[in-house]
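Subject: Structure for you, with notes

Hello,

Here is the structure I promised to pass on. My notes follow below it.

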Amino acid sequence: MNALQAEWIKLRSLRSTWYTIGCLMVLGVGITVLSTSKAGEDYWTGSAADRAAWDPTAHSLKTFIVAQLIVGVLGILVMTSEFATGLMQTTLAAAPRRSRLLAAKAVTATAVAAVAGQVLMFASFFIGQALLVGQHVPYAHLGDPGVLKAIVGGGLYLSATALLAVGLGTILRATAGALAVLVGIVFLVPALAGLFPSWMQGVFDFWPTLGAAAIFGTVPDPDFPHPWLNLGGLWIGVTAVLAAAFVVFRRRDV
């Protein structure tokens, strides 16, 4: 408990934390406005199949594409900022039990990302649907089937991304390196998914921005028909990365 309190005080006292959360909200809402302000044109000019697959909830939650990188930066900085400044030695002198220290950092970063991410998901949904109403196209209500699950699932998705970032920051100890790997995971690998052999395709069922991202929709995706299982797979993968981070953090010098 003392470790958690110390990490929370440390995290909230950093200006970078509030700058990052501010960017998350401003850019996140901005992406929502951009993605939904002209969505009506796509609806009215699309085919009958496009209209049948119309998912107003998914349109308003597209902000996750940028939001996952911002919460990733938050998770990375929780570890790498202390490595960069040399303060990790001081932290370990005060809290020599490394597993407890890393667990406290992971819980704190994930909790902050969960709260901020959930606020962003709700804000994006309501703002996006308000813009769709003005374009006279089908829109969603919070009580519609699958809508609340998509919003809550979005918050869990962003929490998993933050936890993954903590693990990467711990393993790599460098902000630039960890961020480069995170960008590769969420953007590069999905873009090249078609180049991978068929026996690896099952991995993409829980990959960020692929199978796990199906949680943001309410219209079933034939490629990923079980979004909550896919999201659960993402959390399992993140847990594996974090387990590796615990091993590395305990065995090597600062």
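How many nonpolar, polar and charged residues are in the lining of the second largest pocket? By class, there are 6 nonpolar, 4 polar and 4 charged residues. Please keep in mind that this is a predicted model.

**Second largest pocket**

This pocket holds about 190 Å³ of space. Its lining is made up of 14 residues. Nearest its centre lie Lys10, Leu14, Val78, Ser81 and Glu82. Four helices each supply at least two residues of the lining: α1 (2–13), α6, α7 (87–94) and α8. The largest share comes from α6, with 5 residues.

Two of the residues nearest the centre, Lys10 and Glu82, also belong to a salt-bridge network. That comes next.

**Salt bridges**

The count for the model comes to 4 salt bridges. Side chains of opposite charge can pair when their charged atoms come close. Glu7, Lys10, Glu82 and Lys105 are linked in a network of such bridges.

Start with Glu7. The side chain of Glu7 meets that of Lys10 in a salt bridge, at 3.3 Å from N to O. Both residues sit in helix α1. They are 3 residues apart, about one turn of the helix. Glu7 also forms a salt bridge with Lys105, where the closest N and O atoms are 3.0 Å apart. This pair links distant parts of the chain: Glu7 is in helix α1, Lys105 is in helix α8, and 98 residues separate them.

Glu7 has a relative accessible area of 6%, so Glu7 is buried. Glu82 is buried because its relative accessible area is 5%. Lys105 is at 1%, so Lys105 is buried as well. Lys10 has a relative accessible area of 27% and is therefore partly exposed.

**Largest pocket**

The largest pocket has a volume of about 580 Å³. It is lined by 27 residues. The closest to its centre are Asp55, Ala214, Gly217, Thr218 and Val219. Helices α5 (56–60), α6, α9 and α11 (227–251) each supply at least two residues of the lining. By class, the lining has 18 nonpolar, 5 polar and 4 charged residues.

Note that α6 supplies at least two residues to the lining of the largest pocket, and at least two to that of the second largest pocket.

**Cavity**

How many cavities of 30 Å³ or more are there? The count comes to 1. The largest cavity has a volume of about 40 Å³. Its lining consists of Thr20, Ile21, Leu24, Ile70, Val71, Leu74, Val112, Ala113 and Ala116. By class, that is 8 nonpolar residues, 1 polar residue and no charged residues. Helices α2 (15–37), α6 (64–85) and α8 (98–134) each supply at least two residues of this lining.

**Surface patch**

Last, the outside. A nonpolar patch on the surface is formed by Phe126, Leu142, Leu148, Val152, Leu156 and Trp228. Together these residues have about 490 Å² of accessible area. Which helix gives the most to the patch? Helix α9 (residues 147–172) does, with 3 residues.

Val152 is one of the patch residues, and its place is in helix α9. Val152 counts as partly exposed because its relative accessibility is 31%. Patch residues need over 30% relative accessible area.

Best wishes

How values were computed:
Residues are numbered from 1 along each chain as its sequence is written. This is a predicted model: local features need pLDDT of at least 70, side-chain atom pairs count only at pLDDT 80 or more; totals for chains, interfaces and linings use all residues. Side-chain values use heavy atoms; hydrogens and water are left out. Patches are made of residues with over 30% relative accessible area and no salt bridge: like charges are joined within 9 Å, nonpolar side chains (Val, Leu, Ile, Met, Phe, Trp, Tyr) within 5 Å. Accessible areas come from the Shrake-Rupley method with a 1.4 Å probe; for residues, only the protein chains shown count as cover. Buried means under 20% relative accessible area, exposed over 50%, partly exposed in between (1.4 Å probe, protein chains only). On a 1 Å grid over the protein atoms alone, a cavity is a set of points where a 1.4 Å probe fits but cannot get out, and a pocket is an open set with protein on both sides within 12 Å along at least five of seven lines; lining residues have an atom within 4 Å of a point. Grid points are joined across faces, edges and corners, and a volume is the space filled by probe spheres set on the points. Ala, Val, Leu, Ile, Met, Phe, Trp, Tyr, Cys and Pro count as nonpolar, Asp, Glu, Lys and Arg as charged, and the others, Gly among them, as polar.
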